[in-house]
Amino acid sequence: MAVITHRRFWLLIAGGSAALALASILLTEWLALAPCHLCIFQRLLYMLIAPLALIVALTTGLARHISGALTAFAAAGGAATAGYQTWLQRQPEGSVSCLGPDMGPIEQFVEWLGMRQPTLFMATGFCEDEALVILGLSLAEWALLCFVLICLSALWLLRPQRRGADRD
């Protein structure tokens, strides 16, 4: 049985995050989904996690630790965002909305990105809508699961190792 080293695990996180970002874009196009601000923000976080995890896999020392911590932090932010969206989707229809009279920082940032690159970042849907359910879970619930796994994996990989332990 092959042993997965820390470096390979970070590469798996990088590749998985890139694949999730790409899947988000392709599903939106193929199924004519209307992504919301939170969906787009989660897509952006996957796009951020991928190069951060790649940096961890390819570097050593302080750069590796900083990039690893940023990976865990971005994944935790993604989990919080997906968790909030999941909560919105579980409320009775019409009782809550992700858009209020004033846009928050996430919505403002996504709007700014959407004006510059509409194909990737234009938000056209509502966060409380479950546009697509796969195996009984909404896309927000799948994202929550993925972000939690990435965060926990990153924290596990960043833990101090005994001397002589294989970290590569």
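Biologist: In which helix does Thr-71 lie?

Modeller: Thr-71 lies in helix 3, residues 61-90; helices (H or I, at least four residues) and strands (E, at least two) are DSSP runs, numbered from the N terminus. This is a predicted model, in which local features need pLDDT of at least 70 and side-chain atom pairs count only at pLDDT 80 or more, while totals for chains, interfaces and linings use all residues. Residues are numbered from 1 along each chain as its sequence is written, and side-chain values use heavy atoms, with hydrogens and water left out.

Biologist: Why does Thr-71 count as buried?

Modeller: Its relative accessibility is 0%, and buried means under 20% relative accessible area, exposed over 50%, partly exposed in between (1.4 Å probe, protein chains only). Therefore Thr-71 counts as buried.

Biologist: Which residues does Thr-71 touch, not counting residues up to four places away in sequence?

Modeller: Contact means heavy atoms within 4.5 Å. On that basis Thr-71 touches Trp-10, Ile-13, Ile-49, Leu-52, Ala-53, Val-56, Ile-150 and Ala-154.

Biologist: Why is Leu-22 described as partly exposed?

Modeller: Leu-22 has a relative accessible area of 47%, so it falls in the partly exposed class. Leu-22 is placed in helix 1, residues 6-30.

Biologist: What makes Leu-22, Leu-26, Trp-30 and Leu-31 a nonpolar patch?

Modeller: Patches are made of residues with over 30% relative accessible area and no salt bridge; like charges are joined within 9 Å, nonpolar side chains (Val, Leu, Ile, Met, Phe, Trp, Tyr) within 5 Å. A salt bridge is a side-chain nitrogen of Lys or Arg within 4 Å of a carboxyl oxygen of Asp or Glu. These four residues form such a patch on the surface, with about 440 Å² of accessible area together, by the Shrake-Rupley method with a 1.4 Å probe, where for residues only the protein chains shown count as cover.

Biologist: Is Ala-32 exposed or buried?

Modeller: Ala-32 has 66% relative accessibility and therefore counts as exposed. Ala-32 is found in the loop between helix 1 and helix 2 (37-58), and has a positive phi of about 50 degrees although it is not a glycine.

Biologist: How do you know that Glu-107 has no salt bridge?

Modeller: The nearest side chain of opposite charge, Arg-116, is 16 Å away from the buried Glu-107; Lys and Arg count as positive and Asp and Glu as negative, whereas His and the chain ends are not counted. Glu-107 is found in helix 4 (residues 105-116), and its side chain reaches the backbone nitrogen of Gly-104 at 3.0 Å.

Technical notes. A polar contact is a pair of N or O atoms within 3.5 Å; within protein, one must be able to donate a hydrogen and the other to accept it, and residues adjacent in sequence count only if both atoms are side-chain atoms.
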